[in-house]
Amino acid sequence: MRRGAPLVVKLHPREDAAAFRKAAASLPLPVYVAERDPLFAWLAVARGAVVLASTVGLEALRFGVPLGVLPLPGHGHVFEYASRGAAVPLDPQALAAGVAEIFDGAEHREEAAAALVTRHLGQAGAGAGNVATALEELASRGAAR
């Protein structure tokens, strides 16, 4: 893993970007806060991603981006990224080691990541057809009465 790579942070729209920049100023690496940039553009060039409990993790995995997940304070790793082996469960007390593992062991999680993406996004692009089929089935049951 290349050390000292820039860190790109994509905040939610209501988060305070200026406060985040101020907090990140003391980090020993360049930090770019992507306020208005489209998420998918960053995922397309990302070497790794870290989420808390966000569906952005699924999007990262769909792009083939190795993933780390932070625990939600008081609740642990709340989404199934870590429990299904698709992401590195990060420990805030050993963050550097966890981030290194995101990159250094990514190939060991590829199968689990693909399975998780299929589990949650396998129907992507088929929603309208699935709804139409369900409505047709309901209509035919009603006509059979």
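This is a predicted model: local features need pLDDT of at least 70, side-chain atom pairs count only at pLDDT 80 or more; totals for chains, interfaces and linings use all residues.
Where is the place of Leu 116? Leu 116 sits in helix H5.

Helix H5 covers residues 110-121, which makes 12 residues. From its first C-alpha to its last it reaches 16 Å. That is close to the 16 Å expected at 1.5 Å a residue. Three residues of H5 are buried: Ala 113, Leu 116 and Val 117. Viewed down the axis of H5, these buried residues fall within an arc of 100°, so they line one face of the helix. An α-helix has 3.6 residues a turn, so residues three or four places apart point the same way. The buried residues of H5 pack against helix H3, residues 56-62. The face turned away from the buried side carries Glu 111, Thr 118 and Arg 119, which are exposed.

Now look at Leu 116 itself. Is Leu 116 buried or exposed? Its relative accessible area is 1%, under the 20% cut-off, so Leu 116 counts as buried. What does Leu 116 touch, beyond residues up to four places away in sequence? The contacts are Leu 58, Leu 61, Glu 80, Tyr 81, Arg 84 and Ala 86.

How many salt bridges does the structure hold? It holds three. Side chains of opposite charge can pair when their charged atoms come close. Glu 80 forms a salt bridge with Arg 84, and the closest N and O atoms are 2.5 Å apart. Glu 80 is buried, at 16% relative accessible area. Arg 84 is partly exposed, at 42%. Glu 80 also meets the side chain of Arg 119 in a salt bridge, at 3.1 Å from N to O. This second pair links distant parts of the chain. Arg 119 belongs to helix H5, while Glu 80 lies in the loop between S4 and S5, 39 residues apart. Shared partners join Glu 80, Arg 84 and Arg 119 into one network of salt bridges. Arg 119 is one of the exposed residues on the face of H5 turned away from its buried side.

The remaining salt bridge is elsewhere in the chain. Glu 35 pairs with Arg 21, with the closest N and O atoms 2.5 Å apart. This pair, too, links distant parts of the chain. Glu 35 is in the loop between S2 and helix H2 (39-45). Arg 21 is in helix H1, and the two are 14 residues apart. Glu 35 is partly exposed, with a relative accessible area of 39%. Arg 21 is also partly exposed, at 39%.

Is Pro 28 buried or exposed? Its relative accessibility is 79%, so Pro 28 counts as exposed. The C-alpha atoms of Pro 28 and Pro 6 are separated by 9.9 Å. Along the chain, Pro 28 and Pro 6 are 22 residues apart.

Next comes helix H4, residues 95-104. Which residues of H4 are buried? They are Gly 98, Ala 100 and Ile 102. The cover over them includes three strands: S3 (49-51), S4 (67-69) and S5 (88-89). Take Ile 102, in H4. Its relative accessible area is 1%, so Ile 102 is buried. Leaving aside neighbours within four places in sequence, Ile 102 is in contact with Ala 49, Val 50, Pro 66, Leu 67, Gly 68, Val 88, Leu 90 and Arg 109. Pro 66 is 36 residues from Ile 102 in sequence. In space, the two are 5.9 Å apart, C-alpha to C-alpha.

Which residues make the nonpolar surface patch of about 300 Å²? Val 131, Leu 135 and Leu 138 make it. Val 131 lies in helix H6, residues 127-144.

Conventions: Residues are numbered from 1 along each chain as its sequence is written. Side-chain values use heavy atoms; hydrogens and water are left out. Helices (H or I, at least four residues) and strands (E, at least two) are DSSP runs, numbered from the N terminus. The expected span of a helix is 1.5 Å times one less than its number of residues. Buried means under 20% relative accessible area, exposed over 50%, partly exposed in between (1.4 Å probe, protein chains only). The arc is that of the directions from the helix axis to the C-beta atoms. Contact means heavy atoms within 4.5 Å. Patches are made of residues with over 30% relative accessible area and no salt bridge: like charges are joined within 9 Å, nonpolar side chains (Val, Leu, Ile, Met, Phe, Trp, Tyr) within 5 Å. Accessible areas come from the Shrake-Rupley method with a 1.4 Å probe; for residues, only the protein chains shown count as cover. A salt bridge is a side-chain nitrogen of Lys or Arg within 4 Å of a carboxyl oxygen of Asp or Glu.
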